[in-house]
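Welcome, and please open your viewer. We will go from one selection to the next, with a short note on what to look at each time.

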Amino acid sequence: MAASVTHDTLTTDSDAVFDKKIWMGGVEPMKVSYGKLMMWFFLISDTFTFSALLVTYGLIRYSYPAWDPAIYGEVFKFSNLYWPTPEMVYAALPFLHGVHAPLIFVGIMTFILIFSSVTMVLAVEAGHRMDQADVEKYMLWTILGGFTFLGSQAWEWSHFIHGTETGTTISEIINGQTIQRTIFGANLVENQYGPPAFADLFFFITGFHGTHVFSGVVLNILIFYRAATGLYARRGHYEMVEKVGLYWHFVDLVWVFVFTFFYLV
């Protein structure tokens, strides 16, 4: 009795035939919608922008010496000779005049922004469940967190610009004569805290991030309005909530790096 042998044909990746129509438009070859993909492209490009700004800050920051008590004295004083210590610059609290609370207020700001990212996650999850009421609720909490952060940053800017009550006395040589004068607060020309570049970078980078937060709040309000009017329920999906959520998470993540560079380093 003769035995029959069956040979299976092996197919390699090189033998696979791909449907070229998949890549000719009108479909989603990566299983990602066009709008979501474009949001990712935008976030990647914005990552390059913030990275360049923070690298610039780092290079300028380390081109100046840090305060050394062995050289400049045991008591810290603001000076344009060295980079200021963050704990001495960001130590004020609203409505608590004269209280020295290093980094407490900016820590609260950071918590608020991260918490708003959590509520955004909950809004996206509610959209997946097609729960319009929960989407509205969590979007409102996200908007409130964004406005609170912006209000806190506005107060911090105003305090930074106004400065301390004593100011910082500097010496300048004008027409061969040494003249002393006191600087209060900060602007784009000079500041009482340290080198001029310190205030320039603070205003530009935190302001640039704040502009992103404001844009995100505006987008969140628009998404909330459309969700409340039932537009996304009629469409049958809440993908727009997810798209704006990607942007909001990016803004929160960038703040973690801004916080680290400006307030911790």
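At what angle do the axes of helix 4 and helix 8 cross? Select residues 104-128 for helix 4 and residues 239-264 for helix 8: their axes come within 10 Å and cross at roughly 160°. Helix 4 is therefore roughly antiparallel to helix 8, a label for angles over 145 degrees. Axes here are lines fitted to C-alpha atoms, for helices over the stretch in contact, and angles run from 0 to 180 degrees between N-to-C directions. Helices are DSSP runs of H or I with at least four residues, strands are runs of E with at least two, and both are numbered from the N terminus.

Before you go on, know that this is a predicted model, in which local features need pLDDT of at least 70 and side-chain atom pairs count only at pLDDT 80 or more, while totals for chains, interfaces and linings use all residues. Residues are numbered from 1 along each chain as its sequence is written, and side-chain values use heavy atoms, with hydrogens and water left out.

Now show the side chains between this pair. From helix 4, the residues in contact (heavy atoms within 4.5 Å) include Leu-113, Met-120 and His-128. Among their partners in helix 8 are Trp-248, Asp-252 and Tyr-263. By class, this contact has 13 nonpolar, 6 polar and 2 charged residues. Ala, Val, Leu, Ile, Met, Phe, Trp, Tyr, Cys and Pro count as nonpolar, Asp, Glu, Lys and Arg as charged, and the others, Gly among them, as polar.

Stay with helix 4 for a moment. Its 25 residues should span 36 Å at 1.5 Å a residue, and the end C-alpha atoms are 37 Å apart, which agrees; the expected span is 1.5 Å times one less than the number of residues. Just after helix 4, click on Met-130, which takes a positive phi of about 60°.

Next, select residues 34-61 for helix 1 and residues 196-228 for helix 6. These two pack at an angle of about 160°, with their axes 11 Å apart, so helix 1 and helix 6 are roughly antiparallel to each other. Look for Asp-46, Phe-50 and Tyr-57 of helix 1, among the residues that make the contact, along with Phe-204 and His-212 of helix 6. By class, the contact has 10 nonpolar, 3 polar and 1 charged residues.

Note on methods
Parallel < 35°, antiparallel > 145°, perpendicular 65-115°, else oblique.
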